[in-house]
Amino acid sequence: MSNTGCPFSSSPENKRELEQDIHTDFKDDMSYGDYLKLDQILSAQQPLSNEHDEMLFIIIHQSSELWLKLAGHELAKAVQCLRADDFGPAFKVIARVKQIFIQLTQSWNILSTLTPVDYLKFRDDLGRSSGFQSQGYRKLEFLLGNKNSDMLKVHQNNNQAYQELELLLNSPSLYDEVIIALVKAGFSIDDSVLNRDVTQAYQSNDSVVKAWLTVYQQPEKYFDLYELAEKLVDIEDSFQQWRFKHMYTVQRIIGYKAGTGGSSGVSFLKKALDVSFFPELFEVRTLL
């Protein structure tokens, strides 16, 4: 039978030829691996057991730390932009952070393929190490306003991490800068908010609720603030989904066992779901 009319049957070989101009000699040039330091990254997976699934556990957590690092990098830029009243770039990086949290949430789906039986084969090898000790995660929480000086204790043996987190603890959070933007737009905010101790977790305030209510009632007049508010809600939404998926994955794999770092495990993780970074933005929805 002839193959006339089938455009894919004329090629005798199912392969792609190397084009002549593709560079192959990297003796004197930087390669892809050189640029990304892949020799260091790909040699950093060193399981402590002989169990097959420990590699999955390590790679999921290492890659998550890279995403956390990027999210912290972007949120720090958002804070800088808001201080300069530069809303456009702030919107861009905040939108990127939302997508990072979505990516992180998806990673729990991969980890959940780890069965309880297989995890218990190497769990004791983790010692006291725990995600609770993640500098990247704590940096995000501090940037978003969930401050707690007690959380610095787990980093006291790492001087670099301790100093970075201590600086963030004592600096205004992203939401503190957003509230200053409300003041610049002419809204009256209580002095107790503007002069608050930024080392403490943010608490809802009626004057801030009233300001956001006006923004939502007049979005055309205050469009930048309206857009900013919705992007903050996007962040909290995606962050809470990540928190929930983390908690549920832990519950699926170890049930209600205590965490390796000494926490109560799932019960401790559930408490985080009650923490809101931007409480007034959710309260205002009831008032509209």
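This is a predicted model: local features need pLDDT of at least 70, side-chain atom pairs count only at pLDDT 80 or more; totals for chains, interfaces and linings use all residues.
**Entry 1: T105**

T105 is buried, because its relative accessible area is 16% and the cut-off for buried is under 20%. I found T105 in helix α4. Leaving out residues up to four places away in sequence, I listed its contacts as S238, Q241, W242 and K245.

**Entry 2: the largest pocket**

Next I checked the largest pocket. Its volume is about 1400 Å³. I counted 44 lining residues, and those closest to the pocket centre are S130, G131, F132, H246 and L269. Which elements give two or more residues to the lining? I noted α3 (54-83), α4 (87-111), α6 (135-144), α11 (223-254) and α12 (266-272). Helix α3 gives the most, with eight residues. I also sorted the lining by class: 20 residues are nonpolar, 17 are polar and seven are charged.

**Entry 3: the largest nonpolar core**

I then turned to the largest nonpolar core, which has 68 residues. The members that touch the most other members are F101, Y175, V208, W212, L225, L232 and L281. At least two residues of this core come from each of α3, α4, α6, α7 (159-169), α8, α10, α11 and α13. Helix α11 supplies the largest share, 12 residues.

Not counting residues up to four places away in sequence, L225 touches F87, A181, L182, A185, F187, W212 and V215.

**Entry 4: helix α13**

L281 took me to α13, residues 279-287. Which residues of α13 are buried? I wrote down P279, E280, L281 and V284. The buried residues of this helix pack against α8 (174-184), α10 (206-217) and α11.

Last, I looked at backbone angles. Most residues other than glycine have a negative phi.

Where is K37? I placed K37 in the loop between α1 (32-36) and α2 (38-41). D85 is in the loop between α3 and α4.

The reason is the cut-offs: partly exposed lies between under 20% for buried and over 50% for exposed.

Conventions: Residues are numbered from 1 along each chain as its sequence is written. Side-chain values use heavy atoms; hydrogens and water are left out. On a 1 Å grid over the protein atoms alone, a cavity is a set of points where a 1.4 Å probe fits but cannot get out, and a pocket is an open set with protein on both sides within 12 Å along at least five of seven lines; lining residues have an atom within 4 Å of a point. Grid points are joined across faces, edges and corners, and a volume is the space filled by probe spheres set on the points. Helices (H or I, at least four residues) and strands (E, at least two) are DSSP runs, numbered from the N terminus. Ala, Val, Leu, Ile, Met, Phe, Trp, Tyr, Cys and Pro count as nonpolar, Asp, Glu, Lys and Arg as charged, and the others, Gly among them, as polar. Buried means under 20% relative accessible area, exposed over 50%, partly exposed in between (1.4 Å probe, protein chains only). Contact means heavy atoms within 4.5 Å. A nonpolar core is a set of buried Ala, Val, Leu, Ile, Met, Phe, Trp, Tyr and Cys residues joined through side-chain atoms within 4.5 Å.
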